[in-house]
Amino acid sequence: LEFLVSPFRFPSLQQISVAGHSAGGQVVQRWALLSNSFAFNETRVEIRAVVANPRSYCYLDKRRILSTTKNQSDEQLSFRIPTKHELKSCPKYNDWTWGLEP
């Protein structure tokens with residue numbers, strides 16, 4: 001990315017999309033979360049990571065995208081920590097082989 005965002009090489013470049021599917025999706029997500037590339041600070045070029053169908057997602061805390069309604073036809077989603085009731089059906093929701101928690 002550092003090569004691409006240079007205003008001397010590609011002065012008209014406005015956006016870069018980095019995409020990955022399956023294992024490539026996992027790589028793109030981890031890269032987007034953990035990269036310290038100075039390219040992300042370049043305001044002239046928008047950088048977008050597109051993650052498609054990875055085996056697992058890396059979450060930085062205990063929040064997940066969960067339904068807030070019981071009726072699937074009006075389903076609304078929110079990013080939140082599961083309730084105790086929800087945890088009963090999936091007690092290991094936060095266990096991840098490559099987890100970030102100690």
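Trainee: What does the secondary structure of the chain come to?

Mentor: In this predicted model, where local features need pLDDT of at least 70, side-chain atom pairs count only at pLDDT 80 or more, and totals for chains, interfaces and linings use all residues, the chain comes to two helices and four strands. Helices (H or I, at least four residues) and strands (E, at least two) are DSSP runs, numbered from the N terminus, and the elements run β-α-β-β-β-α from that end.

Trainee: Why is the chain called more spread out than a compact globule?

Mentor: The globule rule is 2.2 Å times the number of residues to the power 0.38, and the radius of gyration is taken over C-alpha atoms. For 102 residues the rule gives 13 Å, whereas the radius of gyration of the chain is 18 Å, well over that value, so the chain is more spread out than a compact globule.

Trainee: Why is Pro82 called buried?

Mentor: Buried means under 20% relative accessible area, exposed over 50%, and partly exposed in between, with a 1.4 Å probe and protein chains only. Pro82 has a relative accessible area of 12%, so Pro82 is buried. Of the 102 residues of the chain, 20% count as buried.

Trainee: Where is Pro82, and which residues does Pro82 touch?

Mentor: Pro82 sits in the loop between β4 (77–80) and α2 (84–89). Not counting residues up to four places away in sequence, Pro82 touches Lys62, Leu66, Leu87 and Tyr93, where contact means heavy atoms within 4.5 Å.

Conventions:
Residues are numbered from 1 along each chain as its sequence is written. Side-chain values use heavy atoms; hydrogens and water are left out.
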